[in-house]
Structures are given as C-alpha cells and as structure tokens.
Amino acid sequence: MMKGKPDRQIDPYRVFTINDNGNGLPFFVAKYDLAKKRKAPHEHDFIQINYVYSGRAIHIINGKEYEIIKGDIFIIPPRVPHNMVLKDDESAVIFEFEFTPEFINQNFHDMSEADVFVDFAYIKSFLVSQDLVKPRFNLVGSVQTAVESILHDVYTEYTKQNTGFELLIRAQLLRLLVIVGREFSQHLNASKTERTYKAQKECILNAVSYIEDNYFENLTADIVAKKFMLSPSYFSYLFKYFTSKTFTEYLTMIRIAKALELLVDTDKKIMTICYEVGFNNVNHFNRIFKREMSMSPNAYRAKKRQE
C-alpha cells in the first residue's frame, strides 16, 4: 500500500518561544553586533522589535531580501520566518526587544487573543499577515533620537534589573510603540495624500486634453465631469486648483486661440469661424472676442494681415 501525502509540510524553521531566553520574564532585551551574532532563519511565537543602531545589513522576510540601515525599525509578528545577515564586509549593531501580549496587558494570555491586542492603534499597522509585513521603517531626526533614548533606557533597566525594572520597561515599551506608531501613521497618510494628489492631477490633465480635442462641441463642466466620473462641484474645484482657471475660462481661452488661427490662416467668414470653434451665437462670439482681445474679429484679421 502506498503511503499518502502528509496533511501539511513540516515547518523548516526553528520556532523560538519567550521561555527560550531563560530569564523567566515575558520579555527580553538585547543589544548586539550582528557580525558576532549571525542569525539563522527562524520564527518565534512572540512579538519582536528590531532597531538598527548603526551600520547596515540585509533583513530577509519570507525569503525576500531588504537592505536595512541606521534608523530602520521593524516589528515582526509571531510565526513570520526572518533573519538578518551582513552586507559584504560591513557590520551592524541591533537593538532587539521581544515581548508577549500579556506584558502589555495582563488580560492577554496568548497570541490567540491578538485580535484584541491589536486594538492598540499604535501597533496595529505592523501586526499583519506574513505577505504584508513591513520590511522596515526609517526614523529620522528627533523621532530617531527619542527612540534611541528609550532603547538605551530599556537596555540599562534590563541589564541592572533594579526594583521595579519591569514596570519601567513596560512604560517605555508603550511609549516606544506610541511614538513609532504615530510616525508610521503620518507616513501612511502622507503617502496616501501624495497618491491622491497625483491621481487628481492626472484626471484633470486628461480632462484638459479632452477639452482641447473637443472644444468645438457643446461642452459644459457637467458633461466633462461625468465623463471623468467626478461630481460637477468636485470637478470644478479640482479644475480651478490645477489650471488656475474655471472650466468656462479655460474653454473660452481654447476657443479664442483657435479662432485667432482661423482668422489669420484662412479667409473663412466670421460666422463660420464662430461655429467652428464652438460658439453658437455670433453676437456672443464677437462680444467675448472683443473682451479677450480688446478688438473685434474683423479688426484683428485686418491688423494681422497688415502686419
């Protein structure tokens, strides 16, 4: 009898537990030189924060490589395979902070309650599925200084373990998560704002091209807004923002520019030109033309031919 296939593949990575640290605590703190402590691919059943204090290295998550440099911080959720290796002959100093959910709040007893745990907004952005883990987030300026100060204090408290050190470390961890979480949220919001801006600008540029190709049609802001799937009011707002003109002002500018070309390059009658460029009333065309050019269409033609 042939043996059937196993129900699941055996996990190829070693899975570390918080107890493997041997300190009897729900957390662990370390500062080490990666050159002297190479890390093989592994997983863990707790949350781990890594901060690159100096140098540069390669962070490998799920087999994908990411370069990490000073100021990079990353939070690894449970059961995500990862490791760090050096780049070329360089070195890197890493701060490592490991902790279980109950260290943050005694109401949490294991990672099965992570759904409740991630209600802490300042860490929710990092606790995601394996394929969405953020490989790194770079801290700069005063935020970097604040985070390094916290990590130094935590490391000092952990190594000395004076009375109350657990409470102080918990307080510092919460402060760290708040600072990093806020910075990360601002980064996401800025990125989202930039993407929105680019999309809006592209939409209006496409609308402008459409107007320039169809200026002779009976165009209105409502018609063009509908074509580009925007409400008339929002379209009008964006159009003025990106072109510094209202829709009517821009359309009029294009039509008058086309009329100028026809007046100079052809012998077509004023009435014919009026309709060809999109006006449907000659008197209205003459009035708009004089307002824009300070002379009538006939006067403009005569002036240009005399020149």
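Is Phe95 buried or exposed? Select Phe95 and look: at 3% relative accessibility, Phe95 counts as buried (buried means under 20% relative accessible area, exposed over 50%, partly exposed in between, with a 1.4 Å probe and protein chains only).

Before you click on: this is a predicted model, where local features need pLDDT of at least 70, side-chain atom pairs count only at pLDDT 80 or more, and totals for chains, interfaces and linings use all residues. Residues are numbered from 1 along each chain as its sequence is written, and side-chain values use heavy atoms, with hydrogens and water left out.

**Stop 1: Tyr53 and its neighbours**

Tyr53 and Phe95 make an edge-to-face aromatic pair, 5.6 Å centre to centre with 85° between the planes. (Rings of Phe, Tyr and Trp, the last by its six-membered ring, pair if their centres lie within 6.5 Å; planes under 30 degrees apart are stacked, over 60 edge-to-face, and the rest tilted.) Tyr53 sits in strand E4 (residues 47–61) and Phe95 in strand E8 (residues 92–99), so the pair ties together parts 42 residues apart in sequence. Helices (H or I, at least four residues) and strands (E, at least two) are DSSP runs numbered from the N terminus. Tyr53 itself is partly exposed, at 25% relative accessibility.

Now show Lys31: it lies over the face of Tyr53, 4.6 Å from the ring centre. (That takes NZ of Lys or CZ of Arg within 6 Å of the ring centre and within 35 degrees of the ring normal.)

**Stop 2: a ring cluster**

Select Phe27, Phe28, Phe103, Tyr158 and Phe165, which ring pairs link into a cluster. The structure holds 19 aromatic pairs.

**Stop 3: salt bridges**

There are 6 salt bridges here (a side-chain nitrogen of Lys or Arg within 4 Å of a carboxyl oxygen of Asp or Glu). Start with Glu90 and Arg56, whose closest N and O atoms are 3.3 Å apart. Glu90 is in the loop between strand E7 (82–86) and E8, and Arg56 in strand E4, so this pair ties together parts 34 residues apart in sequence. Bring in Glu67 too: Arg56, Glu67 and Glu90 are linked in a salt-bridge network.

Next, pick Lys70 and Glu148, which meet at 2.6 Å, N to O. Glu148 counts as buried at 13% relative accessibility, while Lys70 is partly exposed at 34%.

Finish at Arg305 and Asp267, a salt bridge at 2.5 Å, N to O. Arg305 is in helix H11 (residues 297–306) and Asp267 in the loop between helix H8 (247–265) and helix H9 (270–276), 38 residues apart. Asp267 is exposed, with a relative accessible area of 65%.
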